[in-house]
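We'll walk through it piece by piece.

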Amino acid sequence: MIKHVVMWKLKENANGASGLENAKKIKQMLEELTAKIEQIKYLQVGINENTGDLSSYDACLITVFDNIEELDLYQNHPDHKAVSAFVAEVRESRAVVDFEVDAI
């Protein structure tokens with residue numbers, strides 16, 4: 001299995017919304033993908049509660065896929081690409097790691 005972890009540092013204001021408002025929108029958009037993309041075995045989105053640490057990221061996505069090919073299908077799915085396009089507009093930076101895990 002492959003665990004795909006992505007973290008974003010969001011712009012303070014973008015697209016007429018605050019960083020927190022955009023984090024909530026990202027969370028909702030990503031969670032809606034579970035009904036649209038069958039390759040997703042597990043999905044969790046968190047919004048950072050530790051706002052006092054300026055080096056921390058604002059939101060985090062954790063997803064699990066059967067294999068790297070399923071992750072690739074997810075990343076190229078049109079609904080995922082739409083979410084990614086929105087995130088690209090509102091983020092300052094992004095970090096990602098994909099790694100193999102035992103079955104969950």
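Predicted model: local features only at pLDDT ≥ 70, side-chain atom pairs only at ≥ 80, totals over all residues.

Let's start with the helices. Two packed helices are described by the angle between their axes and the distance between the axes. Here, helix 1 (residues 19-32) and helix 3 (residues 78-90) have axes that come within 10 Å and cross at roughly 170°. Angles over 145 degrees count as roughly antiparallel, so helix 1 is roughly antiparallel to helix 3. On the helix 1 side, the contact is made by Asn22, Lys25, Ile26, Met29 and Leu30, and they meet Ala82, Val83, Phe86, Val87 and Val90 in helix 3. Sort the residues of this contact by class and you get eight nonpolar, one polar and one charged.

Now find histidine 80, which also sits in helix 3. Is it buried or exposed? Histidine 80 has 11% relative accessibility, so it counts as buried. Leaving out residues up to four places away in sequence, histidine 80 touches Leu33, Ile37, Tyr74 and Gln75.

His80 turns up again in the second largest pocket, where it is among the residues nearest the centre, along with Val6, Trp8, Ser84 and Arg94. This pocket has a volume of about 180 Å³, and helix 3 gives the largest share of its lining, five residues.

And the largest pocket? Its volume is about 340 Å³, and 17 residues line it. Helix 1 gives the most to that lining, with three residues. By class, the lining of the largest pocket has six nonpolar, five polar and six charged residues.

Terms used:
Residues numbered from 1 in each chain as written. Heavy atoms only, no water. Axes fitted to C-alpha atoms, helices over the stretch in contact; angles between N-to-C directions. Helix = DSSP H or I, 4+ residues; strand = E, 2+ residues; numbered from the N terminus. Parallel < 35°, antiparallel > 145°, perpendicular 65-115°, else oblique. Contact = heavy atoms within 4.5 Å. Nonpolar A, V, L, I, M, F, W, Y, C, P; charged D, E, K, R; others polar. Buried < 20%, exposed > 50% of the residue type's maximum accessible area, 1.4 Å probe, protein only. 1 Å grid on protein atoms, 1.4 Å probe; cavity = no way out; pocket = protein on both sides within 12 Å on 5 of 7 lines; lining within 4 Å. Points joined across faces, edges and corners; volume = space filled by probe spheres on them.
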